[in-house]
Amino acid sequence: MTGGRAIILGRIREALRNNPAPRPHTSHSQSEAAADHNGHAQREWLPKVGETLPERIDLFAKISEGLTTEFHRVPTMSAARDLLTKLAAESGWKKIGSHSHHDVDALLEGVELPIVRTEKGYAIDNLESCDAGITGCDVLVAQTGGIMVSVESAGGRALSVLPPHHVVIARTSQMVPDLTAAFEHVKQKYGKQFPSFLSFITGPSRTGDIERILVLGAHGPKRLTVILLDS
Amino acid sequence: MATQSADFQTLSRRYTADKGFRAFIQKGMSGYYKKRDLNKANFQDWQGARDLAAEIKYEAINHLDKYLLEFEAKITARGAKVFWAQNAESARDYILKVAEENNVRSIIKSKTMTSEEIHLNDALEKRGFGVFESDLGEYIVQLRKEPPFHLVFPAMHLTRGQISDLFQKELGSEPTDEPEKLTMIARAVMRRKYCEADMGISGTNFAVAETGMISITENEGNARLTTSLPKIHVALLGIEKVLPKLEDLSLFLPMLATAGAGQTMTCYNTMYAGPRQPGEPDGPEQLHIVLLDNRRTELLADAEQRDSLGCIRCGACLNVCPIFKNVGGYSYGTTYGGPIGSVITPHLRGLKNWKHLSAASSLCGACTEACPVKIDLHHHLLQNRRNGAKSSPNPLEKVSFGGFSLLMGHPALYRLASGLGRIFQPLQGLVNGTILDPLRAWTGSRKFPTLAPQSFQEQWKKDRGGKK
Amino acid sequence: MRISLFIPCFVDQLYPNVAWSCVRVLENLGHEVLFPESQSCCGQPPFNSGYWDESRSAARVTMKAFKDADVVVGPSGSCVTMIKVFYPDLFKGEPDELEARELAAKTHEFSSFLVNVLGVTDVGAKFDGKVTFHDGCHGLRELGIKSEPRALLANVKGLELIEMCEAETCCGFGGTFAVKYAPISTAMDEVKCASILETGADTVVSNDSSCLMQIRGMLEKEKSTVRSLHLAEILASK
């Protein structure tokens, strides 16, 4: 089936030819046209982020509270393991999902539950019946309380969204100030070979579709736990 | 009178007469206003952010061919297929063909207004495909066989009681008045659908030219599941949604969340650069991008209103619009309701049948003030009125304004009429509110003011004599 | 200063006291007030309905009436918007575009003129009562007037200002809209009036008489005791 590529492109060019639109009315003088902007112009307008790492961690913690993300800062991996053991026991986990990842593997050392690992493919129903998905992440975003995950850092697309509880392990060195820095990180890390999936997760799944009343766990996880380990 | 215009009159009359309904919509919005204002205040400068967003959209829309080609080249290199659809029919046919060639049986959808625009569900169902809307609000209105009421909040017109009754009837669930329990009923139903579906259809909030990505914004996780589990992903994408750079998202994602739902960030903002790549554990084998024109290029050709292609479908203009809040989403009879719908529908579906929407506005400008990308919405309503009066003038209006222009164009006539008005004022008292009263539409609910015994002009002349 | 008064046609016909109040306030401040008698209507009704040719012939009368004026002041955010914001659009590409722009530049809404041009916020007025203020949409969003009337009201002795929740929500007038889409206009009016009554104020004040006509029309029909007054009438009270 052939599409209307040539026709649509022709119509676009015809519409734009010698037919300039009025520039937007702006109250602030944007120094250069957006085409030339260096990708940092938005930092001037977006919410403020602290200058130092402790300030950024505090901001992330504060926003997490509003989002009902369960945020825990731990000094060592063994403290992280204790926390996970406690979570598993309290929540009565019977089966969990995870993937091959340096910190995730370290976190799950000694865990005796059945584990569905996603890195080499998995049966959907098997992952769906897990009580929790344990993943790493690319970065944490202080400005928004967000967690950036990708195929590599979160074991594919579904592990961080299909099980009803998502647990993320991150290190303080992964805290970045804002989305712009997160995108820069992605560009540096992957060059042109982007993973096919990148996502900012900002709190547990939610909906307000019934009378605008907030309900958590609409289709994705009802709980989101972030374990932040001192680097 | 066009039937669309008559339908709007009938429906808006019906909805505005229902005070309980209006109060329900108003109450639904009140929490949003509070959260939106808090998040706006958190910006260092919301107005500066709007200016930059408008500039970026200006750049993108005014170089649309360049950015679309860049986007196409990048995402095609990653294994996606891009189909350029001139109109709704060609978009539907392509999607049907993909479904049939791949022996698809069950289709899961995440929220996409573009699919409403091209009436995709009907076409798929007619060919025998099972189609399931996964967004909670969309699922509810799908079960009711209704279109979405609002761009972002599809089921905001329904009470929990109505939804409980619906679920009881359609799904056999126990009645409940708890939104949480209702949500969990839908969650359980939909879990099976994700696992069984072989095709997922989504919309797209932004496309990024620089990196060849599509970006999808959602709160529920349904779009992520729709794009993770089925073996085919079809993404509908209006041609106007392309942004130049990846970093542009760091402005647009928080702005969309703030303007659209009063959130700092929406729960999931996901960027897809193609289908599953070699070595990746999951994701669809095929990604089809259906790039839709469907008369967007007509809007593009209107330089005066071209900025309305910058719309990010956040719904902020609907949320503040006193017309929308009083007549609701169904009075419009359009896919895109509220101020943005009133502006663009005449371009997408013809001025003649849709110009009444531009007349149905007090031009208060609350929409323009709320728009995160600074679309000059209420002035575009004025331009649509001008274009409509020029291409198909209303004979009665033409004559009245001809008379008006004669009267007001000649100060002596104006003074004469002002005197005559005083002579005839008592007559207004006789006909006030009756069928003979030319202003009865207004005086039906309000008391008409009486003319002053003497106009200011006359008083001034008497009082100040020849002093000009 | 020699100030030429621009009195919109419906103020001329229905509310001459608003015009006189402007005269008194400006004269009390020691200015000379002129009233060019050849003015009629700014042309907004046909403009808003899309009939721009018809609008221009009314607008030309206004432009001619104020051609020699030093400064033009009008007590209506809406009609001043017509001149200040829409004349340049209306006359774009016409031979008298420059004249339209010149008039736009020297025309001011009454409260904005007092505060931003004359630098006055206290006109020595006295008014006993609880007042709530309605922001006319054109004044608020086209001309950016929000703080000016409040600054003036704050200096009126005996006056207590109580803000309503829906101060910035449209009253539903919108010219011919109010007749063409009367049920919607009425619904908007109801929201507005409910918000006014909720404050417990005894007077609703605005800087636009057209909004006040819409609001007053419903309050009177509902036999409410809440009065409506133009800002100029408050400022002229002693």
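Author: B:Arg313 lies over the face of B:Tyr336, 4.3 Å from the ring centre. This is a predicted model, in which local features need pLDDT of at least 70 and side-chain atom pairs count only at pLDDT 80 or more, while totals for chains, interfaces and linings use all residues. Residues are numbered from 1 along each chain as its sequence is written, chains are lettered from A and ligands numbered from 1 in the order in which they are written, and side-chain values use heavy atoms, with hydrogens and water left out.

Reader: When does a charge sit over a ring, and over which ring does the charged end of B:Lys193 sit?

Author: The criterion is that NZ of Lys or CZ of Arg is within 6 Å of the ring centre and within 35 degrees of the ring normal. The charged end of B:Lys193 sits over the ring of B:Phe132, at 4.0 Å from its centre.

Reader: How is a pair of aromatic rings described?

Author: Such a pair is described by the distance of the centres and the angle of the planes. Rings of Phe, Tyr and Trp (its six-membered ring) pair if their centres lie within 6.5 Å; planes under 30 degrees apart count as stacked, over 60 as edge-to-face and the rest as tilted. By this rule there are 27 aromatic pairs over all chains. B:Phe43 and B:Trp46 form one that is edge-to-face, with 4.9 Å centre to centre and 90° between the planes. Both B:Phe43 and B:Trp46 are buried, a term for under 20% relative accessible area, as against exposed for over 50% and partly exposed in between (1.4 Å probe, protein chains only).

Reader: Which chains does the pair of B:Phe456 and C:Trp20 join?

Author: B:Phe456 and C:Trp20 form an edge-to-face pair, 5.0 Å centre to centre with 70° between the planes. The pair joins two chains, because B:Phe456 lies in helix α24 (residues 456–464) of chain B and C:Trp20 in helix α2 (residues 16–28) of chain C. Helices (H or I, at least four residues) and strands (E, at least two) are DSSP runs, numbered from the N terminus. B:Phe456 is buried at 0% relative accessibility, and C:Trp20 is buried at 11%.

Reader: What defines a salt bridge, and how many are found over all chains?

Author: A salt bridge is a side-chain nitrogen of Lys or Arg within 4 Å of a carboxyl oxygen of Asp or Glu. The whole structure holds 59 salt bridges over all chains. In one of them, A:Asp178 meets A:Arg43, with the closest N and O atoms 2.7 Å apart. A:Asp178 lies in the loop between β8 (175–176) and α7 (179–190) of chain A and A:Arg43 in the loop between α1 (5–16) and α2 (53–67) of chain A, so the pair ties together parts that are 135 residues apart in sequence. A:Asp178 is buried at 6% relative accessibility, whereas A:Arg43 is partly exposed at 31%.

Reader: Which residue of chain C forms a salt bridge with B:Arg446?

Author: The partner of B:Arg446 is C:Asp189, the closest N and O atoms being 3.3 Å apart. This pair crosses between chains, from B:Arg446 in the loop between α23 (440–443) and α24 of chain B to C:Asp189 in helix α11 (residues 182–199) of chain C. B:Arg446 is buried at 0% relative accessibility, and C:Asp189 is buried at 0%.
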